[in-house]
Structure formats: C-alpha cells, structure tokens
Amino acid sequence: MKPSFAVWLFLLASAGPSFADDASSKLAFFYDSCVSSGPDFERTSERAKADEWPSMAQDLALTFTPMENPEALEGWIVSGGESESFQALVVSRANVAGKIVEGCTVALGDVDAAVFEKALVEKVNAVSAGEEQGQDRVYKRYTASINGRSEAITLTLPLYAKGSDQIIASAVAEQQIEH
C-alpha cells in the first residue's frame, strides 16, 4: 500500500518559505529531467550521483511514482532548504504488459499550478487524455510526442489553485535502448 498523500504534502509545506517561485524554472526542471529526452532511469541516477542529491526513502519515493509495483525505484530531494522551495525527483522502471516502461516524476512546492500546466501543454503540444477529481486534487492526463517518442504525462494539481501550490508532474514512456 502506498503511504499517504498527506506525507508528501507535509514535506512540501514544511520545506521553505511560502513564496511562489517562477513557474517557468519549475517547468524547465521537469522538462529537462523527465520530458525532453523521455524518462531515463540510468541517466537520471547518474545525474543524481554527480550532483550529489540526497536520497529519498524508498517508501516516500513510492508515493510519487505513477507506476504500480515498480521493479526499480530511486528518489532524491533536489532542493528544499530554508531559502529554497521543495523539489524532489523520482525515477522508476516497471514491466507493463510485457514492455519495460520508465517513469520520471517531480514534486514541486511553491509553484503556480495553472501557469505551470498551461506552459507545459503549450511547450510539448500535449493532448488531453482525461482527468479525475479527488477530494482536494485533480489528476490530469496528457499525451505528447517528444522527439518521436510517445509519452504519457500526468499532473496532480490542487483542486483550488492559489498561485503558490504543491504539484506532482510525471512522464511515463516505453524504455528506449540506445544502440
């Protein structure tokens, strides 16, 4: 069973001052880490080691991934000190219907959710694939073709955005093996 969504909300809320960071820098982090070259477990793990990001507990990382029962999972706290808003990055790999898929997720604090979503949709020419509404969150699904690779993108946004929000953005795609 996945730990409570409240756990990550607590981390986001307690990670720093409550000022809204520029949504474009948060979008750039998600795009560069997860979308532009697609999710890539190995590349992201190497980057985390090189940048010396602190590891995240496995049970917490599991709350961020959109995959059920990932075969491989790693997560890091990228920022979130006294002067920075919270940013975490999680990568995962799973076997889905006989295909290996990889996922890349960012959790972001102090971001304007509406601006982030609009900019992402425009940047990747995303097509809506549906949405579900929870008690206090909305889950929006998109598809996009990035450099010829089909990606599924999910945004977990607050139901009532305030301009200084906590969001989760994920990209999932079939694993690409370079020859």
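## Fold, cores and largest pocket

Along the sequence, the chain of this predicted model runs in the order α-α-α-α-β-β-β-α-β-β-β-β, with 5 helices and 7 strands (DSSP runs numbered from the N terminus: H or I of at least four residues for helices, E of at least two for strands). Residues are numbered from 1 along each chain as its sequence is written, and side-chain values use heavy atoms, without hydrogens and water. Local features need pLDDT of at least 70 and side-chain atom pairs pLDDT 80 or more, whereas totals for chains, interfaces and linings use all residues.

Of the 179 residues in the chain, 47% are buried (under 20% relative accessible area, 1.4 Å probe, protein chains only). A nonpolar core joins buried Ala, Val, Leu, Ile, Met, Phe, Trp, Tyr and Cys residues through side-chain atoms within 4.5 Å. The largest such core has 33 residues, and Phe30, Phe116 and Val124 have the most contacts inside it. Helix 2 (residues 23–35) is its main contributor, with 7 residues. A second, separate core of 10 residues includes Met56, Leu60, Leu73 and Val90. Beyond its neighbours within four places in sequence, Val124 contacts Tyr31, Val35, Ala144, Ile146 and Ile153 (heavy atoms within 4.5 Å).

The lining of the largest pocket comprises 22 residues, with Thr65, Pro66, Thr154, Thr156 and Ser170 nearest the centre. A pocket is an open set of points on a 1 Å grid where a 1.4 Å probe fits, with protein on both sides within 12 Å along at least five of seven lines; lining residues have an atom within 4 Å of a point. The elements below each give two or more residues to this lining.

| Element | Residues |
|---|---|
| Helix 4 | 58–64 |
| Strand 5 | 137–146 |
| Strand 6 | 149–158 |
| Strand 7 | 165–174 |

Notes
Buried < 20%, exposed > 50% of the residue type's maximum accessible area, 1.4 Å probe, protein only.
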